[in-house]
2 protein chains.
Amino acid sequence: MENKGILIVVSGFSGSGKGTLMKELLGRYPDTYALSISATTRAPREGEKDGREYFFVSREEFEKMIAKDELIEYARYVENYYGTPRRYVEEKLKQGKDVILEIEIQGALKVKKAFPDTLLLFVTPPSASELKSRLVGRGTETMEVIRSRMNRACEEAQGMENYDYLIVNDDLNACVEEMHSIIRGEHRRISRNTVFMEEIKEDLIRLKGED
Amino acid sequence: MENKGILIVVSGFSGSGKGTLMKELLGRYPDTYALSISATTRAPREGEKDGREYFFVSREEFEKMIAKDELIEYARYVENYYGTPRRYVEEKLKQGKDVILEIEIQGALKVKKAFPDTLLLFVTPPSASELKSRLVGRGTETMEVIRSRMNRACEEAQGMENYDYLIVNDDLNACVEEMHSIIRGEHRRISRNTVFMEEIKEDLIRLKGED
């Protein structure tokens, strides 16, 4: 079977627990997956480390990366750039690792356009009512915070149809294994095994000729 | 999540061991899967039992089934009809079972056309060389038998691209679990969860209105 890794975009509702999910998946299968780190021009927050949460670069450096086509996708939010460095992703894919990008829908669609084989996963709580209660919180949030979360969730929900699979995060342990199993299964997709199929066909024809 | 079962067609190279694979899958997960039994007009062979290998019916009965649209697909090989009775399949799908049809590519494509959500699985040995050796056998076969197997395998190989997944049958135990896991993953496909997604969207909009 083919050894090339799959490029995977993971998005999801805020409050879906996708950060924890990614951390757990990477922790359990460090040889299978590689997590792509984004570059950004925003300043590091307390506790953030260069090369772990983000690669923190200057605006000049970032614009140089854009000019040299060194980013798979990038976007500007408010005053800052965010983007996915190309080299790391391509290296890891070639090594046979499945590379995970944790980005939002706009970036996801740009990546899919550039790499049509990209697998798009959307993390969601198990039910609408569960999503509701996570958004409302414990009753200690202000109306404004809840309203802003709700607006964001509505926007996020609009994009779901563009993804390939729903990752339903109910029980963390089960969800990690389900996600892993969906990705492994995806390696068996016909469209990801054209080399294998060509080989079988050629060998059969050669063997027929050897009568 | 949706409870409706998935209609699954399993095809594969002769000698891929798909019969054993199906038997094992059904045996391990009897509550998850239902195997559709074909109807045929050919006479039962020794050891075959009506309702187990096939439903053995007369030509008149079969043609009545065709006329009443009681078959999802049917074909005529040599002098005999073979077909998939509709009622059993639809009943089991409604009950939430994944229904498996073990049929060949022509039938598979007809089913896919009638039910576009059908999942098409193709069972193959792990490599071209393994397929070769299974086709050639232990050196006790006549040239004619080998040639006929080879021709058949070449035809079967031409159809592979129409399927959704390759099921690689190396180790039986691992293969059964992989197949089961691919089917489970398929239940999480975005396109199979439109009801779930609509619910989330509606609930979010309703909640926003309750401010």
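Predicted model: local features only at pLDDT ≥ 70, side-chain atom pairs only at ≥ 80, totals over all residues.
Two residues count as in contact if their C-beta atoms, placed from the backbone, lie within 7 Å. Residues are numbered from 1 along each chain as its sequence is written, while chains are lettered from A and ligands numbered from 1 in the order in which they are written.

The contact draws 34 residues from chain A and 34 residues from chain B. On the chain A side, the largest share, nine residues, belongs to helix 8 (helices are DSSP runs of H or I with at least four residues, numbered from the N terminus). Because 100% of the interface residues of chain A are also interface residues in chain B, the copies meet through the same surface.

How are the copies related? A rotation of 180° with 0.0 Å of shift along its axis places chain A on chain B, with an RMSD of 0.0 Å (by least squares on the C-alpha atoms of residues with pLDDT of at least 70 in both). That is the relation of a two-fold axis.

Now zoom in on one helix pair. Helix 8 of chain A packs against helix 5 (residues 128–136) of chain B at an angle of about 40°, their axes 9 Å apart (axes are lines fitted to C-alpha atoms over the stretch in contact, and angles run from 0 to 180 degrees between N-to-C directions). Helix 8 of chain A supplies A:Glu199, A:Ile200, A:Asp203 and A:Leu207 to this contact, and helix 5 of chain B supplies B:Ala128, B:Leu131 and B:Lys132.

Note on methods
Helix = DSSP H or I, 4+ residues; strand = E, 2+ residues; numbered from the N terminus.
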